[in-house]
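Subject: Structure handover and notes

Dear colleague,

I am passing on the structure below, followed by an account of what was found in it. Please read the notes alongside the coordinates.

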Amino acid sequence: MSEYERSRTMPAQPEHVFDQAANAGQLDAWLPSELHVHVEDPPAVTVHEDDTGQDTPALMRAESDQMRIEWGTREQGGYAGWLQVAGIGSGASEVTVHLSFFDQSHDPGERQVCDALDDSLRRLEEQVRLRVDNAAG
């Protein structure tokens with residue numbers, strides 16, 4: 001089993017960050033660009049991976065009272081992950097994303113996973129900034 005975790009501080013209230021991250025209609029705006037989530041009958045989703053052309057049945061659950069999103073494969077148990085938002089004061093938040101690969105054949109390697117997590121957190125921050133700026137302006 002392989003596990004990876006990355007964090008990023010974002011200049012927004014945790015509720016704003018969580019709402020943006022959990023918005024099922026805008027997941028493609030911050031997830032890795034080669035992944036696309038199709039929401040079926042929540043918590044059921046299908047994840048399409050451009051690189052392989054493969055659709056994978058998955059589950060995704062957002063717990064707003066805990067500001068946490070959890071996901072994982074439905075049938076083969078290849079991977080799971082979570083995203084946690086925490087307020088750190090002064091209107092800022094820390095977002096942590098964690099991935100666990102239970103099947104080594106699903107693990108693309110540390111460098112690729114960490115780069116994808118960092119890019120996803122950066123893209124999420126951009127989406128949060130756009131939302132906060134639009135709400136203020």
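This is a predicted model: local features need pLDDT of at least 70, side-chain atom pairs count only at pLDDT 80 or more; totals for chains, interfaces and linings use all residues.

In what follows, a residue is called buried when its relative accessible area is under 20%, exposed when it is over 50%, and partly exposed in between, with a 1.4 Å probe and protein chains only. Residues are numbered from 1 along each chain as its sequence is written, and side-chain values use heavy atoms, with hydrogens and water left out. Helices (H or I, at least four residues) and strands (E, at least two) are DSSP runs, numbered from the N terminus.

Aromatic residues

Rings of Phe, Tyr and Trp (for Trp, the six-membered ring) are paired if their centres lie within 6.5 Å, and the planes count as stacked under 30 degrees apart, as edge-to-face over 60, and as tilted for the rest. By this rule there are two aromatic pairs. The ring centres of Tyr 4 and Phe 101 are 6.0 Å apart and their planes meet at 70 degrees, so this pair is edge-to-face. Because Tyr 4 belongs to strand β1 and Phe 101 to strand β7, the pair ties together parts that are 97 residues apart in sequence. Tyr 79 and Phe 101 form a tilted pair, with 6.3 Å from centre to centre and 45 degrees between the planes; since Tyr 79 lies in strand β6 and Phe 101 in strand β7, parts that are 22 residues apart in sequence are tied together here.

Strand pairing

Two strands are said to pair if DSSP finds at least two bridges between them. Strand β7 is joined to β6 by ten bridges, the two running antiparallel, and β1 pairs with β7, also in the antiparallel sense, over nine bridges. In β7, Leu 99 is the bridge partner of Tyr 4, while Val 97 is that of Leu 83. The hairpin of β6 and β7 has two residues between the strands, and in it Ser 90 takes a positive phi near 55 degrees. Strand β7 is mostly covered, nine of its ten residues being buried.

The nonpolar core

A nonpolar core is taken here as a set of buried Ala, Val, Leu, Ile, Met, Phe, Trp, Tyr and Cys residues joined through side-chain atoms within 4.5 Å. The largest such core has 29 residues, of which Met 10, Val 17, Trp 30, Leu 83, Val 85, Val 95 and Leu 124 touch the most other members. At least two residues of this core come from each of β1 (2-10), α1 (14-22), β3 (44-49), β4 (54-63), β6 (79-89), β7 (92-101) and α2 (110-136), and α2 gives the most, with six residues. With contact meaning heavy atoms within 4.5 Å, and leaving aside its neighbours within four places in sequence, Val 17 is in contact with Met 10, Ala 12, Val 85, Ser 93, Val 95, Leu 124 and Val 128.

Charged side chains

A salt bridge is counted when a side-chain nitrogen of Lys or Arg is within 4 Å of a carboxyl oxygen of Asp or Glu, and by this rule the count comes to ten. Among them is the one between Asp 118 and Arg 6 (2.7 Å, N to O); since Asp 118 lies in helix α2 and Arg 6 in strand β1, this pair ties together parts that are 112 residues apart in sequence. Glu 125 forms a salt bridge with Arg 8, the closest N and O atoms being 2.5 Å apart, and because Glu 125 lies in helix α2 and Arg 8 in strand β1, parts that are 117 residues apart in sequence are tied together. Glu 125 is buried, with a relative accessible area of 8%, whereas Arg 8 is partly exposed at 30%. Finally, Arg 61, Glu 63, Arg 68 and Glu 70 are linked in a network of salt bridges.

With best wishes
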